[in-house]
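Subject: Structure for your review

Dear colleague,

Please find below the structure that I am handing over to you.

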Amino acid sequence: MERKIESVISKFFEVPLDEPLVDAKHGVHTHFHLITTTISLNDGNCGTGYTYTGGTGGQAIKSLIDHDIRPFILGRNPDEIEEVNEALQWHLHYVGRGGIASFAISAIDVALWDLRGKQLELPLWKMAGGAHNKCKAYCGGIDLDFSTPKLLESIKGYLEKGVTGVKIKVGKTNLRDDLERIKHVRDLIGPQTELMVDANYSMTEEAAIKAGLEFKRYGILWFEEPIEPDLYSGYASIAAHTDIDLAMGENLHTQHEFDQAFRDANLSYIQPDASNCCGITGWLKIAKKAKKCGVKISSHGMHELHVSLVAAQNKMNWMEVHSFPIDKFTKRPLQLHKGYAIAPDMPGIGVEFDWKKLEILAQSPAK
């Protein structure tokens, strides 16, 4: 019997954060959106994918899946993941090249990879390259509004988890405030723990150059998103004037955008997010290009999935442990051991949702 997609069921969840979190450009995060997609086949097998947002657009993504993607992929061969991915991009191209379309395609693509892994009885890290089943982990906080004592307390919590790198937000109105926060964190973590900073594209090119020159004395591993992500030549200018390693990628959603970043931005680290770059298929294409260009691959968000993708390339790559706790609602939260994140060995993507927890969340009064 030829395997065919028989049903596509999407669900939307609004997940409150334990406390409001602030960065320099997005403002206050009080919750995030989680959109799951379960694809069932005519042979009875099923796989689940998902995407997420910072708290806006989740219902639009679900609607796109329900009204435009579901009827388009019903009856298709689930084993032709790359072909389905490409077909969906062209199907939605005119109304949504990148953006919400890429989020919706990602949820479908991840579900198809879950099906592939279960059929082949292989975990994602083996399907995605198989270089290793672990990678280096750092904690990335959304902490710009934290007082210094609270910031340092959060950093202590990261170190207690066993990570060997931490990232803090920068982008204060006064650069001296950023430098003071960086100094306090560096003094706390010492020289052996890596320190990254993230401006969430809040600076001008001139301000980023000034900041980068100041940041260097604190041994910063990378300066993330100093300016708007599509100002590729501006990134190259900052790198040339500061000689500091730059990182970005979470806000690039198409292969064309990543191609331009590799060509023009002079990045040291690329950070694709499988939730918004057309899924695992898109992420792996970017990883292949990064290797060819000599750019280190990292990740953004959804660490419970990215651990497998990042580890599959090289165990010395960095994976971000994110502040949006998706894995709080899975049956296997992220596992850390001696500074490394360990990829799951179960067949499929390794992310199995605890639907009872999610349903309780869905029934809770909105805050």
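Contact here means that heavy atoms lie within 4.5 Å of one another. Please keep in mind throughout that this is a predicted model.

Helix α7 itself spans residues 205-215, and its buried residues are Ala208, Ile209, Ala211, Gly212 and Phe215.

The crossing of α6 and α7 is right-handed. On the α6 side, Leu175, Asp178, Leu179 and Ile182 take part, and they meet Lys210, Ala211, Glu214 and Phe215 of α7. Sorted by class, this contact has 5 nonpolar residues, 3 charged residues and no polar ones.

**The nonpolar cores**

In soluble globular proteins, nonpolar side chains tend to be buried together. In this model, the largest nonpolar core has 112 residues. Which members touch the most other members of that core? They are Ile39, Phe215, Phe223 and Leu305. Helix α3 (residues 99-120) supplies the largest share of this core, with 11 residues.

Helix α8 (residues 232-242) packs with helix α9 (residues 255-264) at an angle of about 30°, and their axes are 9 Å apart. That angle makes α8 roughly parallel to α9. Their crossing is right-handed. Tyr232, Ser233 and Ala236 of α8 make the contact with Glu257, Gln260, Ala261 and Asp264 of α9. By class, the residues involved are 3 nonpolar, 2 polar and 2 charged.

Helices α1 (residues 58-73) and α2 (residues 81-96) have axes that come within 11 Å and cross at roughly 125°. That angle makes α1 oblique to α2. Here, too, the crossing is right-handed. Leu64, Asp68, Ile69, Phe72 and Ile73 of α1 meet Val84, Ala87, Leu88, His91 and Leu92 of α2. This contact has 8 nonpolar residues, 1 polar and 1 charged.

**Two residues with positive phi**

Asp243 has a positive phi of about 60°, although it is not a glycine. Asp243 is located in the loop between α8 and β8 (246-248). Is Asp243 buried or exposed? Its relative accessible area is 64%. Exposed means over 50%, so Asp243 counts as exposed.

Met302 is likewise a residue other than glycine with a positive phi, in this case near 30°. Met302 belongs to the loop between β10 (296-297) and α11 (303-313). Met302 has a relative accessible area of 2% and is buried.

**Two residues and their contacts**

Leu151 is part of helix α5 (residues 148-161). Leu151 is buried, with a relative accessible area of 0%. Not counting residues up to four places away in sequence, Leu151 touches Asp143, Phe146, Ile168, Arg181 and Val185. The C-alpha atom of Leu151 is separated by 9.2 Å from that of Gly141, a residue 10 places away along the chain.

Pro325 is found in the loop between β11 (318-321) and β12 (335-337). Its relative accessibility is 26%, and Pro325 therefore counts as partly exposed. Although Pro325 and Val15 are 310 residues apart along the chain, their C-alpha atoms are separated by 9.0 Å. Beyond its neighbours within four places in sequence, Pro325 is in contact with Leu17 and Phe32.

Yours sincerely,

A colleague

Terms used:
Residues numbered from 1 in each chain as written. Predicted model: local features only at pLDDT ≥ 70, side-chain atom pairs only at ≥ 80, totals over all residues. Heavy atoms only, no water. Axes fitted to C-alpha atoms, helices over the stretch in contact; angles between N-to-C directions. Helix = DSSP H or I, 4+ residues; strand = E, 2+ residues; numbered from the N terminus. Parallel < 35°, antiparallel > 145°, perpendicular 65-115°, else oblique. Left-handed = near helix turned anticlockwise from the far one by under 90°. Nonpolar A, V, L, I, M, F, W, Y, C, P; charged D, E, K, R; others polar. Core = buried A, V, L, I, M, F, W, Y, C linked by side-chain atoms within 4.5 Å. Buried < 20%, exposed > 50% of the residue type's maximum accessible area, 1.4 Å probe, protein only.
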